[in-house]
Amino acid sequence: INADRMRAGIMAIPEIRVLGDGQFHLIAMGAERRDGVHDPVIDMFALGDALLARGWYHDRQTPPDNLHSTVSNTNTGVIDDYLADLAECVAAVVGTRTDDRSTNYATLE
């Protein structure tokens with residue numbers, strides 16, 4: 001239920017989208033693209049940095065640049081707080097880009 005609520009909240013933010021067709025506890029989110037293929041609306045790694053500054057940790061993966069989360073019952077009670085922070089961080093990083101392009105989990109090249 002927590003992951004479903006998180007997926008729905010992510011999908012409600014126009015600049016980002018849920019990647020794949022997850023049905024369980026793993027969620028990956030990426031940037032919407034202005035032309036459908038290139039030119040992401042936001043830098044997902046800048047978003048990850050902004051979320052980390054608020055205490056929310058995500059694995060950074062590519063391609064495409066995305067943030068990956070594991071959501072469980074231990075997240076009960078914080079999903080609404082997370083989604084509020086996510087929306088604020090998305091708004092804050094529009095037009096920015098982080099120089100740190102490193103990833104930390106299962107990167108595919």
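# Terms and values, one question at a time

User: Where does Pro64 sit?

Analyst: Pro64 belongs to the loop between S3 and S4. The peptide bond that leads from Pro63 to Pro64 is cis, with omega near -15°. The letters S and H stand for strands (E, at least two residues) and helices (H or I, at least four), both DSSP runs numbered from the N terminus. Before we go on: this is a predicted model, in which local features need pLDDT of at least 70 and side-chain atom pairs count only at pLDDT 80 or more, while totals for chains, interfaces and linings use all residues. Residues are numbered from 1 along each chain as its sequence is written, and side-chain values use heavy atoms, with hydrogens and water left out.

User: What makes S2 and S4 a pair?

Analyst: Two strands pair if DSSP finds at least two bridges between them. S2 and S4 (residues 66-70) have five bridges, so they meet that rule, and they run antiparallel. Within this pair, Leu26 stands opposite Thr70 in S4. S1 and S2 also qualify, since four bridges join them; they too are antiparallel, with Leu19 opposite Ala28 in S2.

User: What lies between S1 and S2?

Analyst: S1 and S2 form a hairpin with six residues between them. Gly20, in the turn, has a positive phi of about 75°.

User: Why are S1 and S3 called edge strands?

Analyst: The open sheet has four strands in the order S1-S2-S4-S3, with antiparallel pairing. S1 and S3 (59-61) each pair on one side only, and that makes them the edges. Neighbouring strands of this sheet are turned by 35° against each other on average, direction ignored. H2 lies across S1, S2, S3 and S4 and runs at about 45° to S4. Such angles run from 0 to 180 degrees between the N-to-C directions of lines fitted to C-alpha atoms, for helices over the stretch in contact.

User: How do you know that the span of helix H3 agrees with what its 15 residues should give?

Analyst: The expected span of a helix is 1.5 Å times one less than its number of residues. For H3 (residues 79-93) that gives 21 Å, and its end C-alpha atoms are 21 Å apart, so the two agree.

User: Why are Tyr82 and Asp85 called buried?

Analyst: Buried means under 20% relative accessible area, exposed over 50%, and partly exposed in between (1.4 Å probe, protein chains only). Tyr82 has 4%, so it falls under the limit, and Asp85, at 18%, does so as well. Both are among the buried residues of H3, which also include Ile79, Leu83, Leu86, Cys89, Val90 and Val93.

User: What puts the buried residues of H3 on one face of the helix?

Analyst: Seen down the axis of H3, they fall within an arc of 165°, so they line one face. The arc is that of the directions from the helix axis to the C-beta atoms. The face turned away from this buried side carries the exposed residues Asp80, Ala91 and Ala92. On the buried side, H3 packs against H1 (2-11), S1 (16-19), S2 (26-31) and H2 (44-53).

User: Which residues are buried in H1?

Analyst: In H1 they are Asn2, Ala3, Met6, Arg7, Gly9 and Ile10. Their arc around the axis is only 165°, which places them on the same side of H1. These residues pack against S1, S2, S4 and H3.

User: Why are Trp56 and Tyr82 called an edge-to-face pair?

Analyst: Rings of Phe, Tyr and Trp (its six-membered ring) pair if their centres lie within 6.5 Å; planes under 30 degrees apart count as stacked, over 60 as edge-to-face and the rest as tilted. The structure holds one aromatic pair. Trp56 and Tyr82 are 5.1 Å apart centre to centre with 85° between the planes, so they are edge-to-face. Trp56 is in the loop between H2 and S3 and Tyr82 in helix H3, 26 residues apart, so this pair links distant parts of the chain.

User: What does Asp85 touch?

Analyst: Beyond residues up to four places away in sequence, Asp85 touches Leu51, Arg54 and Trp56. Contact means heavy atoms within 4.5 Å. The C-alpha atoms of Leu19 and Gly30 are separated by 6.4 Å.
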